[in-house]
Amino acid sequence: NTFMVEKKKTELYQELGLQARDLRFQHVMSITTRNNRIIMRMEFLKAVITPEFLLILDYRNLNLEHWLFNELASQLAGEGQLVTYSLPFEFRAIEAILQYRISKLQGRLNTLQPQILETLEALVDPKLLSVDRSKLHILLQNGKSLSELETDLKVFKETILEILDEEELIEELCLSKWTDPQVFEESTSGIDHAEEMELLLENYYRQAEDLANEARELRVLIDDSESIIFINLDSHRNVMMRLNLQLTMGTFSLSLFGLIGVAFGMNLESSLEEDPRIFWLVTGIMFLGSGLIWRRLLSFLGRHLEPPLPPHVPAVLKKSQPAAGRAELKNNLKAETFGLSRSTLTNQ
């Protein structure tokens with residue numbers, strides 16, 4: 001039965017036997033027990049669980065109507081994931097809230113994953129000479145959302161792990177065990193409700209761990225793609241710098257031999273300007289000299305930009321480490337016994 005109740009906070013915590021701070025909204029995740037009540041905070045979702053009912057506070061501000069009226073009823077009726085037999089009401093309520101939280105985290109991951117993969121595929125393209133700034137902006141926003149998702153998953157796992165590490169907390173979550181005599185008899189006769197609660201929490205801890213691994217793989221993929229993008233940009237930048245350097249050397253070569261034309265262009269008289277062959281001779285010398293100097297500069301540039309060859313390893317260094325140690329020992333002995341014969345050195 002699902003219904004809505006409007007009450008003041010003072011009346012509500014007095015009716016539930018809680019403190020005012022227990023109903024205070026805090027955007028954190030926690031699972032605590034007080035006065036045979038379970039208080040669950042899932043950031044924006046806050047619930048109070050008793051052995052008889054589940055109370056969701058301020059659901060209208062959280063847009064939970066669809067979940068409350070369409071999905072929650074079937075889960076509370078016993079259609080959860082771990083239900084193998086009839087468990088008390090608080091088990092189904094805790095499972096429903098944890099399942100809702102995990103589904104929200106899974107939905108966020110399913111939304112981010114195709115967007116990130118599509119953006120990375122568009123960015124990691126060796127044919128592109130520049131990076132699309134709009135794609136980088138989208139990747140930055142998706143990376144921020146992924147970091148927030150990783151933080152939420154980490155908090156979710158830590159909260160459940162704190163309960164799993166304390167047996168007393170697990171026992172306190174089994175509300176019906178201490179209020180219903182029949183449930184207490186079942187727990188003593190072989191059906192351990194604390195163990196069932198531990199299995200339920202471990203199940204959602206594993207689901208959160210799987211989501212965290214998927215988010216971690218996306219993070220690694222983003223980091224690797226950023227490295228590839230930087231490598232491609234550096235490669236294109238090196239090509240542009242090389243081309244700029246070649247053009248600069250060509251301009252320098254032409255300018256150097258262009259001084260000859262400057263000299264002949266001055267208003268000075270000489271006997272050379274009377275010969276018609278001098279023009280072609282000087283022009284040919286200018287272009288030939290400029291080409292030779294440019295070619296020389298290019299060869300110099302190529303020698304200094306080529307990757308160095310690996311150093312040659314002598315055959316002596318390829319021997320095993322004990323042999324190298326013996327050779328070093330003999331050399332030391334040679335240094336210490338300078339002036340002795342070769343046979344004496346070998347004996348030492």
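## Overall composition and confidence

Of the 348 residues of the protein, 32% count as buried, where buried means under 20% relative accessible area, exposed over 50% and partly exposed in between, with a 1.4 Å probe and protein chains only. This is a predicted model, in which local features need pLDDT of at least 70 and side-chain atom pairs count only at pLDDT 80 or more, while totals for chains, interfaces and linings use all residues. Residues are numbered from 1 along each chain as its sequence is written, and side-chain values use heavy atoms, with hydrogens and water left out.

The mean pLDDT, the predictor's confidence in each residue on a scale from 0 to 100, is 75 for the protein, and 72% of its residues reach 70 or more. Over residues 307–348 the pLDDT is below 50, and this stretch has eight contacts in the model beyond near neighbours in sequence, a contact being heavy atoms within 4.5 Å.

## Secondary structure and annotated segments

The protein has 11 helices and four strands, taken as DSSP runs numbered from the N terminus (helices H or I, at least four residues; strands E, at least two). Among the contacts with a separation of 6 or more, 61% are accounted for by residues 24 or more positions apart.

An unreviewed UniProt entry annotates residues 194–228 as "coiled-coil region"; in the model this span is 100% helix and 0% strand, with its end C-alpha atoms 51 Å apart. UniProt also lists residues 247–266 and 278–294 under "transmembrane region", again in an unreviewed entry, and such annotations may be inferred rather than shown by experiment. Over residues 278–294 the chain is 100% helix and 0% strand, and the end C-alpha atoms lie 24 Å apart.

## Nonpolar cores

A nonpolar core is a set of buried Ala, Val, Leu, Ile, Met, Phe, Trp, Tyr and Cys residues joined through side-chain atoms within 4.5 Å. The largest such core has 55 residues, and those with the most contacts inside it are M40, L54, W67, I97, L98 and L201. Helix α3 (residues 89–123) gives the most to this core, with 15 residues.

Leaving aside residues up to four places away in sequence, L201 touches L98, I160, I163, L164 and L173. A second, separate core of eight residues includes Y13, L16, L18 and L57.

## The second largest pocket

The second largest pocket is lined by 11 residues, of which M42, F44, Y100, R101 and K104 lie nearest its centre. Helix α3 gives the most to this lining, with four residues.

Terms used. 1 Å grid on protein atoms, 1.4 Å probe; cavity = no way out; pocket = protein on both sides within 12 Å on 5 of 7 lines; lining within 4 Å.
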